[in-house]
Amino acid sequence: MAYETPLTIAEVMKDISNNKYVLPSIQREYVWDTTQIETLFDSLMQDYPIGAFLFWEISKDKLGYYDFYEFLKNYHEKTSTHNKKADLKGADGVTAVLDGQQRLTSLYIGLKGSYAYRLKYKQKKNENAYPVRKLYLNLISPAKDSSNKYDFQFLICNDVKNTDDEYWFEVGKILDMKDLGDVATYVTDNISYSEDHQYTREQAKFATNTLSQLHKVIHTSLTLSYYKEKSTELDKVLNIFIRVNSGGTVLTYSDLLLSIASAQWQTHDAREEITEFVDDVNSIGDGFRINKDFVLKAALVLTDFSDIAFKVDNFNKPNMMKIEANWDNIKKAIKQSVNLVSSFGYSGETLSSYNALIPIAYYLLKIGMPDNFVYSSTTKETRAKIKKWLILSLLKKAFSGQPDNVIRPIREIIKNNVSSDFPIHEIIEKFKGTNKSIQFTEDDIEEYLLKLKYGEKDTLSTLMLLYPSLDFSNKFHVDHMYPKSKFKKPYLRKMGVPEDKLDEYIDAVNDISNLQLLAAQLNEEKLNTDFDKWFNDQYKTDSDKIQYRTINYLPQMEYSYANFQQFMNERRNLIKAELVKILL
């Protein structure tokens, strides 16, 4: 791309009013405040560069492919922060702004609109808390308390008063002054021969120079330098857009895809639907962190498209119509899969790959998404298989790298075995011997699982393998058996730990061998109680003690601080034996 012939601000403002310049829905909303707008106008007045713009030329025959929005003219913090959809019926084509929306909107508000923000200490519900302001320029003196040279201010229209030191010119009126003669006449009538104030000759001269400079900046200077992109290849345009906007608020590819999708759905607004759905799903259980990318990706898989790559070409009109037709089922399947993994004990903090949800959602979709699936006794065995597959996949990082190479084959296996139970064995066999295998070796157990620590996402998954009978509809915590809070050198010395062992104790307290899954209420009661005291207080009888030791893989011994290292070594061996039994 090369620079096009620069434009004047006046002609661009006129074309914005006539919807010749519009905003693609990939643009974020307007975020500038009045101080930024004032500084922009000051920069223009001082002939500072304000950066180049990037425009996208859309021909008439392509208008129906996308949604476009009008520029915001009258910003109101409470009632008008959203851009209206542009009605482009009969338009011969438009120019969409890919880079420069904030600057052009600021110019448009300053010259043709207004800005209303809440007064400090006023209640949000108070309608009078948002007075309408327009941009004014003090014609007779420079800015006093600002880094700007010129005194631009957004003022409440009804409160504007001129004094011997201030003459406030409504900046938008410059658009009506077509030549410099209009400027001279205005200064003569309102300042040089003012009926209300006796302005000095210096003030009149300053006014003439200031208003003449404003006229030049708006009407004659070719201020707006721009590139124009004419490509109709969406991937190219979107990647350009992402790159040129990378310095501001980060835009995701899904935001851009949703903008295109919104124009193609017939009965839903894709952006609103998916944004609301994401919020809804993320509120399940202890909270999740799925995003729009995930929902769009899942939609491709669940609608059974052969190509599930996350690219613009797969979100064409025919595909989007199929997704829209299937949207209710897609939502239900995804939501049910999230409810299911929440019932397993996962949350956004511990689910290390959201792509692992997609095969689960696909399986649930294919079996008709029974409403009672998550808690019914009749589906208990199926849930156990799904849980084991999920844990193994997460621990083996099966969805890292190129997840499509895992999702596609699993989808085919599920599709071919939909009349039977969840096909965990078929999935294991499919990937056996590949770099996506979810089978474990003894080295995997020894060198990875047994070296996990508190706070790592895979720690919970490993503990879930060790506690298969826990009902996670109740809340469980990952608990330090020997309380972490007590592993401070002064306390350990007090408990008789030798000086040369202190660092070893402290380094080991977060190891998985010191962790258990404990009911939330019990954990809150346990707090920082020494383990031997808590154990003996909590489990009074020999049978209770034996049961607790068995469930939690504990060696039979005194759980004193002196025995901590022995406890860790023996419990590690017990955990390893169980993991070998489960995984090998």
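Trainee: Which residues does UniProt list for "domain: GmrSD restriction endonucleases C-terminal"?

Mentor: The unreviewed UniProt entry gives residues 451–576, though such annotations may be inferred rather than shown by experiment. This is a predicted model, where local features need pLDDT of at least 70, side-chain atom pairs count only at pLDDT 80 or more, and totals for chains, interfaces and linings use all residues. Numbering starts from 1 along each chain as its sequence is written, and side-chain values use heavy atoms, leaving out hydrogens and water.

Trainee: What makes up residues 451–576, and how far apart are the end C-alpha atoms?

Mentor: That span is 49% helix and 8% strand, with its end C-alpha atoms 11 Å apart. Helices here are DSSP runs (H or I, at least four residues), and so are strands (E, at least two).

Trainee: Which residues make the contact?

Mentor: Helix 2 brings Ile37, Leu40, Phe41 and Leu44, while helix 3 brings Arg103, Ser106, Leu107, Ile109, Gly110 and Leu111. Contact means heavy atoms within 4.5 Å.

Trainee: How many residues of that contact are nonpolar, polar and charged?

Mentor: The contact of helix 2 with helix 3 has seven nonpolar, two polar and one charged. Ala, Val, Leu, Ile, Met, Phe, Trp, Tyr, Cys and Pro are nonpolar, Asp, Glu, Lys and Arg charged, and the others, Gly among them, polar.
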